[in-house]
Amino acid sequence: MTGTPRIVVPPSRQVLADGVYEQIRAVIMNHGLEPGARANIEELARELDVSGTPVREALARLESEGLVSRLPLRGYRVTELLTRKEVEDIYGLRLLLEPPSAEAAARAMTPTFATALEEELATCPAAPAGSTYEGYKALTAHDARLHELILRIADNHAIEQAFTRTHCHLHFFRLSYNQPFGEQTITEHRAIVSALAAGKPTAARAAMTHHLETARDRLLSRF
Ligand SMILES: [Zn+2]
């Protein structure tokens, strides 16, 4: 950041905080800070040419996503990657929650919900190339939003919260991303959305089960 010309009008505090958060998140997702490494507030502030405050705020947000953990009196540490067992456990939870929710969402389908699902699909029409966070982060965010939207349509707040708390999209993509992985994801999402939009509960449930099982197996093959 050294040498960057100072802009005349300073960015708002929130814009700065979001930018610092995104930058540190990208460093962790790209393994610029390795799993287990210390995330030193002063060092990060120096590298990003900002004060300690936005860095502290960013680390607190990243802690809530499980990307860093707090060390008592010693700042933060980057969390380890998910283990094979943890991946299996999270998919076990998702397979309990999401296929019945897809079925419920199909029963609750309205033209407005169908449009919302189609619009969400349109935000990520193609799989990003490469394997860096900058490339795949749009797909990560879309994947999380689509699954959350289906749970919202199914209208069970407790299930939606249990799913959101896993931050599983972030952690799965942190383990592994490549373009074929992205293409398969998008194809499977289309199948889920077309069953939902057609108001077909059994087909929606089956498409969600298929998506979760194949996504799980794709990820487990990386271990
Ligand atoms: Zn998905």
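This note goes through the predicted model point by point, from overall layout to single residues.

1. **Basis.** The model is predicted: local features need pLDDT of at least 70, side-chain atom pairs count only at pLDDT 80 or more, and totals for chains, interfaces and linings use all residues. Residues are numbered from 1 along each chain as its sequence is written.

2. **Overall layout.** The protein chain has ten helices and three strands. Helices (H or I, at least four residues) and strands (E, at least two) are DSSP runs, numbered from the N terminus. In sequence order the pattern reads α-β-α-α-β-β-α-α-α-α-α-α-α. Along the principal axes, the C-alpha atoms fill a box of roughly 55 × 40 × 35 Å.

3. Of the 223 residues in the protein chain, 29% are buried. A residue is buried if 20 or more other C-beta atoms lie within 10 Å of its own, exposed if 12 or fewer, and partly exposed in between; C-beta atoms are placed from the backbone. Two residues are in contact if their C-beta atoms, placed from the backbone, lie within 7 Å. Among contacts with a separation of 6 or more, 73% join residues 24 or more positions apart.

4. **Domains.** The protein chain splits into domain 1 (13–78) and domain 2 (84–220). These bounds come from an automatic or database domain assignment. The domain centres, taken over C-alpha atoms, are 28 Å apart. At the boundary, five residues of domain 1 contact seven residues of domain 2. The domain 1 side of that contact has two nonpolar, two polar and one charged residues. Here Ala, Val, Leu, Ile, Met, Phe, Trp, Tyr, Cys and Pro count as nonpolar, Asp, Glu, Lys and Arg as charged, and the others, Gly among them, as polar.

5. **Main core.** How many residues does the largest nonpolar core have? It has 49. A nonpolar core is a set of buried Ala, Val, Leu, Ile, Met, Phe, Trp, Tyr and Cys residues joined through C-beta atoms within 7 Å. The residues with the most contacts inside this core are Ala102, Ala105, Ile150, Ile192, Leu196 and Ala204. Elements giving two or more residues to this core include α1 (13–29), α3 (52–64), β3 (75–78), α4 (84–107) and α10 (201–220). The largest share, eight residues, comes from α6. Each of domain 1 and domain 2 supplies at least three residues to this core.

6. **Ala102.** Ala102 is one of the core residues with the most contacts. Leaving out residues up to four places away in sequence, Ala102 touches Ile150, Ile192, Leu196, Ala204, Arg205 and Met208.

7. **Sheet.** Three strands make an open antiparallel sheet in the order β1-β3-β2. Two strands pair if DSSP finds at least two bridges between them. β1 (38–39) and β2 (68–71) are the edge strands, each with a single partner, so one side of each has no neighbour in the sheet. β1 and β3 are joined by two bridges, β2 and β3 by four.

8. Tyr76 in β3 stands opposite Arg70. Helix α3 packs on the sheet and touches β1, β2 and β3; its direction makes about 115° with that of β2. Axes are lines fitted to C-alpha atoms, for helices over the stretch in contact, and angles run from 0 to 180 degrees between N-to-C directions.

9. **Positive phi.** Three residues deserve a look here. Leu73 takes a positive phi near 65° in the hairpin of β2 and β3, which has three residues between the strands. Asp49, not a glycine, has a positive phi of about 55°. Asp49 sits in the loop between α2 (41–48) and α3, and counts as exposed with 11 C-beta neighbours inside 10 Å. His167, also not a glycine, has a positive phi of about 45°. His167 sits in the loop between α7 (157–165) and α8. With 16 C-beta neighbours inside 10 Å, His167 counts as partly exposed.

10. **Val193.** Beyond neighbours within four places in sequence, Val193 contacts Leu117, Glu118 and Leu121. Val193 and Met208 are 15 residues apart along the chain, and their C-alpha atoms are separated by 9.5 Å.
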